[in-house]
Every structure is written in C-alpha cells, then in structure tokens.
Amino acid sequence: MKDLTATVKSNEKIAENIYMITLSLPEDAGEIHGGQFVNLSTGSGENLLRRPLGVCIANGRDVSVCYQVKGKGTRYLSEVGSGRELQVLLPLGNWFDLEKYKSVAVVGGGVGIFPLIATIREFSGKKDFYSYIGFRNKNAVCLLDELSGSKRLTVTTDDGSYGKKGNAVEAFFSDAENINADAIIACGPPVMLKALKAKLAEEGVKTPCFVSLEERMGCGMGACLVCVCKTSDGGNARVCRDGPVFDITEVQL
Amino acid sequence: MADLQVEICGVKFKNPVIAASGTFGFGREYDLLYDISVLGGISTKGMTLEPRLGNPVPRIAEGSSVILNSVGLQNPGVEHFIERDLLFLRKKGVAVIANVAGRTLEDYGNICARLDGLVDMIELNISCPNVRAGGMALGIRPENIEEVTRLCKKNLATTPLIVKLSPNVESISVNAKAAENGGADCISLINTLTGMVIDIERRKPLLANNTGGVSGAGIKPIAVRMVYEASHAVKIPVIGMGGITCGEDAIEFMMAGARAVQVGTANFTDGNAMPKIIDGIDKWLDKHNIKSVNDIVDTLTLN
C-alpha cells in the first residue's frame with residue numbers, strides 16, 4: 001500500500017456520465033489484483049474525502065479506474081485534464097481469488113463491471129469466463145471490448161435498447177445449466193446483488209459466489225470503521241479491508 | 001532540526017503531533033503505509049468496556065472543506081485492546097493515549113480503573129455526538145463534566161487524565177474550568193461539531209444517523225478560537241485539534257495555547273499527512289530560528 005502522487009494520463013468519457021481515468025504512477029505500487037481498489041483524491045481542496053474506485057485495468061505503472069459522475073467530487077474529477085497530478089492510495093482491499101476454479105460465471109451490473117473486467121484480464125487464458133453484464137440502456141453500455149476475453153458474453157439492458165432485454169441475474173440463471181461454473185463472481189448495484197443472493201438461495205445453488213461491495217469510505221485502509229457491512233452472524237465487516245470481496249453467504253445484502 | 005519534544009503531565013512525546021481518536025484505529029493499518037513510530041502519540045479509537053457495533057451506514061458524508069461522521073463508537077472493547085493492540089503500540093515507542101467512553105458514569109470509572117497504569121494517558125470521550133446514551137450527554141453541562149472527571153480521577157492511581165471537550169456547548173471556558181475543577185490533568189479540544197447533510201433528491205439526511213460530527217479544514221478557525229479561550233481559562237495543559245492539515249496549522253494551535261495537537265481528518269485526505277505535518281513544524285521553526293517547539297506555545301498577542 002502506497003500513497004502516491006500520480007499523473008493523469010487520460011480521462012475520457014466512456015458512456016453516459018461514466019468516465020475512465022488512467023493514472024501514471026511515479027513508482028511501482030506492487031501487484032494489483034482484480035477486485036482491489038484505489039482511494040483517489042478528487043484534487044479539489046474542498047472535497048476532503050477521496051473516492052474509492054475499483055481498478056479496471058492495471059498495466060505496469062498505468063492504472064485505470066472508472067467512475068460515474070454523481071456529485072461534486074466526481075464532477076470535479078471529470079474535469080481533470082491530462083498532466084494534472086492526483087494523490088492516490090493503492091492497492092487496497094482483497095480480491096477475487098480464483099486460483100482454484102476453472103470455469104467462472106461473471107455477473108455484473110452498471111458501474112460494477114469494472115473490477116470484474118480487471119479479474120477477467122488477470123486470469124485471461126487461464127480460466128473460462130461466462131459473462132452476464134447488465135446496463136440500464138444502450139447509452140450506459142461500455143468497455144465490451146475489455147470483456148471479450150470471456151468464453152461467452154451476454155449483454156442485457158433494462159429497456160432492451162441493446163442486447164437482450166432484462167438484467168444480468170436473469171441472464172445468468174437462464175444459462176446457468178449450460179455452463180457448469182464452479183464459481184460465480186458478481187459486482188453491481190445493491191438491488192442486483194440482493195436479487196442474486198435471493199435467487200441462489202431459492203434455487204439451492206451451492207456454487208461458491210463472491211461479491212464485491214461498495215460503501216462510502218473514509219481512510220480506505222481499515223482504520224476508521226466508516227464503511228462497514230453487516231455479516232450473516234450479525235457482526236460488522238470493514239468493506240475496505242475485510243472486503244470489498246466477500247462470500248455472498250457471509251454478508252447481509 | 002529544531003527540538004520537537006514536548007512533555008505533558010510528565011509524559012514525553014517525541015513531537016507534538018498525535019493521531020486523533022477515531023481516524024487512526026489502533027495504528028496498525030497506517031503502520032503499513034509508514035512507520036508510525038515517527039509520531040508523537042496516538043489516541044486510540046474510542047473504547048468501551050464491551051464491544052460495540054456502532055451505527056448503521058452511511059456513516060460518512062462530505063461538505064465544503066469538511067466531513068461528517070457518525071460511526072457511533074464501534075469498537076472491539078477494552079479487553080481486546082489490552083490483549084491485542086497495546087503491546088504493538090508499546091513496541092512502536094509512541095505515547096499511547098487510550099480514548100474511552102461509556103454509557104453510564106460507572107462505565108467511565110470502570111474503564112479508567114481497567115486501564116490505569118497500562119497506558120500513558122487516558123482521554124475521556126464525553127463529547128461523542130453520535131451516541132445517544134452517554135457520550136455527549138455528559139459533556140455539555142459543566143456540573144456533569146466536573147462529576148465524571150472527579151469519578152474517573154478517583155479510579156486512576158497513576159495515569160494522567162485528559163478530558164476531551166465538545167464544542168457544542170454554551171461556554172467552552174466554563175466547561176474547561178469544570179474539567180480542571182474535577183481534577184483533570186489536561187484537556188483536549190475540540191471534538192466534532194454536530195451537523196447534517198441532506199440528500200435533496202431523497203429529501204433525507206445523507207447519514208443513516210441523520211446527524212454527525214463535522215471535522216476537517218473548514219472547522220479550524222472555530223477550533224483555534226476555542227483552544228485560545230479554553231487554554232486561557234485553565235492552568236492545566238491543553239491539546240488542540242480541529243482541521244489541522246499542515247505544519248503551519250499546528251503552529252497556529254500552539255500559539256493559541258496548545259502544548260500539542262491532534263490530527264484526524266487530514267489522514268483521510270492524505271495518508272501521509274502526519275509525517276508531513278511534523279516535517280512542516282520543524283521547517284517552520286528552523287526558518288524562524290526557533291530552537292524548541294515549546295517556545296511558541298501561548299505566544300499570541302491579541303490586537
């Protein structure tokens with residue numbers, strides 16, 4: 001884990017309200033795995049909190065993360081030009097540990113697809129990925145090229161304006177019998193993860209399923225106890241340090 | 001290189017920069033980023049006798065140059081700290097300040113008794129704005145502050161007691177004096193100001209707890225003023241905090257009367273904030289040809 005002054009290499013719109021920013025690190029920050037995230041300064045003095053963003057592409061000292069413009073901080077970030085410097089703390093959190101699996105189902109929704117892309121890239125050629133990716137509509141569709149490492153890719157939109165009409169969870173379950181996945185990885189809006197958990201329980205699916213969670217964070221490294229989620233036994237887990245990747249049966253969604 | 005060492009109630013700090021309670025855990029995580037033994041001290045995450053789960057999420061929000069938090073005293077309990085974290089901090093050679101809270105007066109007395117002699121100082125959190133029972137309730141009225149301070153002092157044979165004061169009060173001078181009258185060895189201030197951020201699309205407060213404690217650079221002028229007022233109302237030493245982000249900010253608090261400072265929110269903005277602040281203090285002193293950081297304490301001249 002390092003807190004570095006990175007240089008913005010590019011910062012481009014990749015879909016409606018979604019941007020990809022590529023940071024050039026001044027030094028090696030160690031290995032970055034799919035599922036890990038960075039805590040990125042917005043570079044504006046008045047926004048004190050950094051923004052936790054899942055790594056999408058890690059390529060040597062170039063690290064790309066994506067974000068949706070939602071409030072002041074991300075709006076400011078979207079206006080940061082190439083060559084500007086931003087403070088970044090990385091790499092943070094745990095990751096999708098897929099070493100022991102061969103065939104992996106990938107269920108992603110909206111801005112949740114980015115850590116999944118990093119995971120597919122990490123294990124490219126070593127695992128069979130079957131990806132089910134949902135977007136709100138065709139304007140939100142992005143980075144499909146980066147998912148091309150999947151053995152099969154199914155894209156859905158809520159309104160049917162691109163790909164199949166429906167959502168990623170439905171698409172996965174309608175195909176589940178054909179693919180024989182020995183693990184499932186998922187990231188997306190809370191409503192998607194909830195639906196996934198409910199459906200897995202309902203169908204009695206025993207395949208291990210790992211989800212990456214999102215929460216508002218402070219320090220990003222586990223000290224401040226701001227970003228907790230509820231565990232199945234009623235306790236708290238720190239999303240930033242005990243996660244962001246959890247076994248879906250071990251957390252309350 | 002100026003002399004940065006300070007001594008408060010007989011406790012030596014290698015420099016006047018202390019991690020503020022709640023932002024730094026028990027130091028283990030930040031120690032992965034830099035060697036925390038460079039710090040003057042660490043005020044631990046607020047502890048209670050029993051483990052606590054704290055408030056629902058979201059627990060953090062942002063305003064212009066400030067943040068709000070409502071963690072609600074989530075902590076693993078004092079026994080867990082003694083077993084698992086105390087030795088780690090001891091080995092780091094930083095002054096260890098145990099920040100403690102309770103539900104009742106008795107809780108405060110008992111946790112002080114448990115930690116007496118084990119840590120360098122105890123900091124009484126009677127000003128947590130995020131817990132309904134205890135915490136703030138004890139920290140607003142001077143008579144309550146005096147009572148809880150006196151009770152805790154009775155339970156402490158050796159460890160000096162810091163009373164951390166809330167800014168959400170009528171008179172900070174009166175409350176500082178109340179802590180001193182109760183037997184406090186030191187006071188620290190300010191804890192967070194109570195605030196609210198509203199999500200206008202949902203017409204609901206952003207924090208699950210509705211309100212939270214406001215901290216960060218934006219509150220610094222309020223904190224400096226209160227440190228000035230409090231330090232001139234009492235004879236016991238004062239530790240100042242509230243929005244410190246650089247060496248110059250720390251100098252400002254010390255000129256206002258603080259003998260040392262605590263740094264909280266800045267750790268979120270920059271993981272290496274505290275080592276940079278220590279370096280900033282040193283550079284400022286060198287530039288002004290001041291040999292010891294103690295020489296700037298309470299050197300303010302009013303207009």
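**Exercise 1: a helix pair**

Find which residues of helix 5 of chain B meet which residues of helix 6 of chain B.

Solution. On the helix 5 side, pick out B:Ile172, B:Ser173 and B:Ala176; their partners in helix 6 are B:Met226, B:Glu229 and B:Ala230. Contact here means C-beta atoms, placed from the backbone, within 7 Å. Sort these residues and you get four nonpolar, one polar and one charged (Ala, Val, Leu, Ile, Met, Phe, Trp, Tyr, Cys and Pro are nonpolar, Asp, Glu, Lys and Arg charged, the others, Gly among them, polar).

A word on the ground rules: this is a predicted model, where local features need pLDDT of at least 70 and side-chain atom pairs pLDDT 80 or more, while totals for chains, interfaces and linings use all residues. Residues are numbered from 1 along each chain as its sequence is written, with chains lettered from A and ligands numbered from 1 in the order written.

**Exercise 2: the crossing**

At what angle do the axes of helix 5 and helix 6 of chain B cross?

Solution. Take residues 172–181 and 220–231 of chain B: the two axes come within 8 Å and cross at roughly 50 degrees. That makes helix 5 of chain B oblique to helix 6 of chain B.

**Exercise 3: the chain contact**

How many residues of chain B are in contact with chain A?

Solution. 31 residues of chain B are in contact with 22 residues of chain A. By class, chain B's side has 13 nonpolar, 14 polar and four charged residues.

Notes. Axes fitted to C-alpha atoms, helices over the stretch in contact; angles between N-to-C directions. Helix = DSSP H or I, 4+ residues; strand = E, 2+ residues; numbered from the N terminus. Parallel < 35°, antiparallel > 145°, perpendicular 65-115°, else oblique. Contact = placed C-beta atoms within 7 Å.
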